[in-house]
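I opened this structure to see how its parts pack together. These are my notes, in the order I looked things up.

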Amino acid sequence: MAGRNVGRKRGGQQETFFDYTLLFIVLFLLGFGLVMLYSTSSYEASMEMGDSAYYLKKQVASTVLGLIVMMVIANIPYHFWERFAFLGYVVSVVLILLVLTPLGIEANGARRWINVFGISLQPAEVAKLAMILFLASLVCKMGRSIRTPKGFMIMLAAPLPICAEVYLVTKNLSSAIIIFGIAVLMVFVSSPDYKKFILIGLAGIAVCALAVYLIVNAADSDSLSFRGGRILAWLDPEAYADGKGFQTLQALYAIGSGGIWGKGLGQSMQKLGFLPEAQNDMIFSIICEELGLFGATAVMLLFLLLIWRFMVIANNASDLFGAMLVVGVMGHIAIQVILNIAVVTNTIPNTGISLPFISYGGSSVLFLLAEMGLVLSVGRGIKLKDL
Amino acid sequence: MIKNKTYNRKKIVTVFFLCMFAFLGLMGRLLYLMVADSAYYTEKAKELHERERSIKAARGRIIDTNGTVIADNKTVCTISVIHSQIKEPDKIVGILSRELELSEEYVRKRVEKYSSIERIKSNVDKETGDAIRAYNLAGVKVDEDYKRYYPYGSLASKVLGFTGGDNQGIIGLEVKYEEYLKGQEGTILTVTDAKGVEIDKAGEERVEPVPGNDLYISLDMNIQSYATQLAKQVMETKEADRVSIIVMNPQNGEIMAMVDVPEFDLNNPYELPKTMDTGNLTQEQTQEILNGIWRNGCINDTYEPGSTFKIITAAAGLEEGVVTVNDQFHCPGYIMVEDRRIRCHKIAGHGSENFVQATMNSCNPVFITVGLRLGVDNYYKYFTRFGLLKKTGIDLPGEAGTIMHKKEDMKAVELATVSFGQSFQITPIQLATTVSGIINGGNRVTPHLGVMVADREGTQMKSFSYPVTKNVVSEETSATMRMILEQVVESGSGKNGYVEGARVGGKTATSQTLPRGSGKYIASFLGFAPADNPKVLALAIIHNPQGVYYGGQTAAPVVRQLFENILPYLGEMDYN
C-alpha cells in the first residue's frame, strides 16, 4: 500500500514520501463522522435549536479549520516544533488553570472549557498535544540515560503534574487517564525494558480490581462517591437504570437493538432524546444501532488501519523525535478509541471519552487534525530509499 | 540526530499488536451484545419507545337456554382531536358540533386547546362515529369501544348484574363469571421519542384484543318475563313491598327464572327512582340506596319460611319413622309445649285428622307433635342432612347463610316453633333447593344458572357441573311427600294453586314478620309440577301484602297462573 504513495518528483533527484493512505483514512473518518453526527444530532438539534444542522455546521467549521491547520503543519518540518516543547508544557499548565478564572466556561455541569477570543477551547485537548511534543523532545534529550531507573522515573513523572491538574482542576478523570496513558506508551517505546512495564501493568490491574472490590463491599453504605456509584452501575446497569446506569443502559439498548445489519442510516430510535450525549461520547452506540455490527466493525477496522499507518510511519521515521511524535499520536488515538468503545459497550465503567474524528467537539477535532499534520510531516521526512 | 533503534521499532510493533488485541476484544464484546443479546435489548428498547393505549376486549355475551342473547355489547365511539395534527380547525368545529349535537363554542374550545389529545365526546353511536370518520378530517380520531348492552332492560336485572366503566362485572352473573366473560385487552402501540411525541413514519402496531367467551345460562327469558309480569301484577294489586319468584328445575337445580321486583334498568343501573328526593344525598347515602335497589331478595336476604317449612318437618318425620301418613291426630286449636300454649292458626281447632289431612290443613299442633317426636338431636340431624345449615352454593354472589338456633340452645319450645317454620331464617333459594331435594327422590341439588361457556362461534369451551348429595331422604319418603303435597293443592289449603289438567303439588305459608304484632306478613306458596315427577318448582314470596295476606289466597294464584302458562310451554301439561 505504502508503495503507491510515492510523491511526485520535486526538482531534483530525491523522491519524497507523502502518506496518502493516512490522509485518505483521516478524510474518510471525518466525512463519515460528519454524516453520523448529522444523523445523530439532527432530531435533537431541530427540537432544541430549531435548526437540524446546528451541530453539523459547528463541526464542519471546526473540521475545515482543522484541515487547514493540518495541511499547514504537514508542510512544516516537524523539528520546527521541538523548540516549543517546554513552552507547550507551560502553556498547557496555564490554560488549564485559566478554567478557574472568569474565562472558564461551564457546560453540562462541568467546568472544562475556556473562552479564547469567542471560541471555546478545551485545555485538556491542548495538553494532550503538548504532552506528546514535550515527551518526544524529552526522550531525545535524555538519550541513553532513559535506561537508568532515574531516567525512567523522570519520564513517568513528567506528565504527572498535568494529569493531576486536569483531574483536580477540570474534574476530568478520563482526560487525565488518556494523558498518562500516552506518556506510558511513549516511555514504553523509548525504553528497551519490558519487565518494568509488565509489572506496572499488573500493578495497575491489581489496583483497579482492589478498588472495584472495595466499592462493591461498601455498596450498602451511602458514603459512596460519584465514581464509586459509576463502578456499581457498571457492574449492574439495570439496577441503577434511573441514575448512574441510565446512559450506559440506553447505549446498550442502542447497540443491542442494532443487530447485525443495523436499522439503517438515520433510523436510530435512541437518538430521539433517549440516549443522553448521543452525538458526543455515545455516538458509537448510534453507529451500532444504525449500521449494525457490520458498520461498527468497519469503523473499528478503519481505526486499526489508521494505527497501522502510524506504526509504519513511526518505524520509518528518519529520527527518534519524529518516531516518538507519531507514537504519541498513535497512543492518543488508540487509547481514546479503545476506551470510548469500551465505555459504550459497558466493558469498563462509564467515563466521558469522545471518539476521535467522529464525536461532536470542536477542540477535539482541531487538535486531532493538528496531530495528523505532525504525523504527515514526519511521514514527509521519510526517504524513500529507507523504505 | 538520534536514530530510531531496533528496540524502538519492536516496541512500536508491540504497541500496534496490543491495540489490535484490544480491538479484537471489543469486537468480540460487540458481537456478543449485537448478536447474542440483541433480542433482549431490542425488546427492551421497543418497550421504551412504544406508548401503549389499551383497546377494550368485547365482553362475552350471556345467552339464555333458548339461545336468546340477554347481555350483549354495543359498539360506541370516542371522538377526540389531536391538536398538532389538525389542519382545518374551522371545518372540524363545524362538522363535529353538527354531528355530535354540541355547541360550536364547546367544540372550538377543545379543538383550539394545546394538548396532545383532547376528548370531545365518548359513548357516541357507531353510526355517528362512522359518519365522522367518513369526513376524513386530519387530527380527528374516532376510537371504537364496547359498551355493555342489555336488550331486555330490567328483566332478570338482579341475576344478570351489570358492568362498570372498565367493562368489569359489578354484581350478579357478570361478576361471578368475570373470568370467562371479560376477555383480554388489546393494545395499540405507538412509537414515540423521549418526550412522548409520536413519530409519524413509524406507524402503529396493534395487539388485537381477545373477546370474552359467551356464558350460556339455564334462565329462560320467556318464563322470566312471564314471572316478572305476574310479580309486578301482584305487587301492584296487593300493594306489596316486594315480590320474589324462583322457578327452578328440581331435578338438576337449574334456575329457569328468578324474579325480585322491583327490578332496575340494567342499561342505567345508577339511576335512582324518580319518586325519590335525591337533592341532598351524600355519595354514601346514594350508594346505600343503590345497594338496596340491586339486592337480590331471592338469595341475599333471609326470611322466616313459615308453613312451607312443614315440608321439611314432614319429610324428616316420615324418614325417621316417627309418623306415618295414616297416623291420627287431634287438634284442639292449640298445643302445650312445656308451659307454653302454642296456638293453631284455626283457633277452633281442626279436630280429628290424619297426617295427610293435617298437612292439607297446615295444622300447627300436628307438626309440633312430629317435631317433638323427632327430638332436638334427630331434628338437627335432618336439618343438617337436608343441607339447610350450609349455603346452597348457587353461582351468584352474596348468598346469605341460614340463621338457626345453636343445637345446645334448642329446647322443646324452639324445636316446636322450628317445626312449623318459625324462629329461624333461611333464604328463598335455600327453601326451594331443600324442597327440590325432598321431592325429586332425595337428591340435594345445587341451584345454578351457569351451564357452559362457549366461544363466539358456539364451540363449547367449558361446561359446568355442580355437586349433588344423594339420598338425603329415601325414594319412598320422597314419593310420600309428593303425594301429600299434591293433596294439599288438590283439596287442601293450597287449592288456589290447582291447575286444570296438571298435577301440581305445593304448600302455602303465611308468616308474620318480626317484630311480631307489626301487622306485616309474608305470604308465600311453593308449588311443583307434575306432582308425580316434578320438572318445575316455583316459589312465590309476597312481602307485606295489604288486605288479604294469606299465602293460599295471594301467593298460590301467582304460581297457578305461572304454571298455567309455562307448563304447556314446557310440555308438561296433561290435557287428558
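I began with the largest nonpolar core, which has 128 residues. I took a nonpolar core as a set of buried Ala, Val, Leu, Ile, Met, Phe, Trp, Tyr and Cys residues joined through C-beta atoms within 7 Å. I called a residue buried if 20 or more other C-beta atoms lie within 10 Å of its own, exposed if 12 or fewer, and partly exposed in between, with C-beta atoms placed from the backbone. Ile179(A), Val326(A) and Met330(A) have the most contacts inside this core.

I then listed the contacts of Val326(A), leaving aside neighbours within four places in sequence. Two residues are in contact if their C-beta atoms, placed from the backbone, lie within 7 Å. The partners of Val326(A) are Phe310(A), Ile313(A), Ala314(A), Ala317(A), Val375(A) and Val378(A). A second, separate core has 119 residues, including Tyr177(B) and Phe309(B).

A note on the source: this is a predicted model, where local features need pLDDT of at least 70, side-chain atom pairs count only at pLDDT 80 or more, and totals for chains, interfaces and linings use all residues. Residues are numbered from 1 along each chain as its sequence is written, while chains are lettered from A and ligands numbered from 1 in the order in which they are written.

I checked confidence next. The pLDDT is the predictor's confidence in each residue, from 0 to 100. Chain B averages 88, and 96% of its residues score at least 70. The complex gets an ipTM of 0.91 and a pTM of 0.61 from the predictor.

Then I looked at where the chains meet. In chain B, 36 residues are in contact with 44 residues of chain A. On chain B, the elements giving two or more residues to that side are α1 (6-36) and α2 (38-49). Helices (H or I, at least four residues) and strands (E, at least two) are DSSP runs, numbered from the N terminus. α1(B) gives the most, with 20 residues.

I stayed with α1(B). This helix has 31 residues and reaches 44 Å from its first C-alpha to its last, close to the 45 Å expected at 1.5 Å a residue. The expected span is 1.5 Å times one less than the number of residues. Among the buried residues of α1(B) are Phe16(B), Cys19(B) and Phe23(B). Its buried residues pack against α7 (173-190), α10 (246-258), α11 (283-316) and α12 (320-344) of chain A, together with α2 of chain B.

I compared α13 (362-380) of chain A. Its 19 residues should span 27 Å at 1.5 Å a residue, and its end C-alpha atoms are 27 Å apart, which agrees. Of those 19 residues, 18 are buried.

Is Thr148(A) buried or exposed? It is exposed, because 11 other C-beta atoms lie within 10 Å. Thr148(A) is in the loop between α4 (123-142) and α5 (149-157) of chain A. Its C-alpha atom is separated by 9.4 Å from that of Ser191(A), 43 residues apart along the chain.

I finished with strands of chain A. Strands β3 (104-107) and β4 (110-116) run antiparallel, joined by four bridges. Two strands pair if DSSP finds at least two bridges between them. Glu106(A) stands opposite Arg111(A) in β4(A). β4(A) also pairs with β5 (119-121), in the antiparallel sense, over three bridges. Val116(A) has Ile119(A) as its bridge partner in β5(A). Two residues lie between the strands of this hairpin, where Phe117(A) takes a positive phi near 50°.
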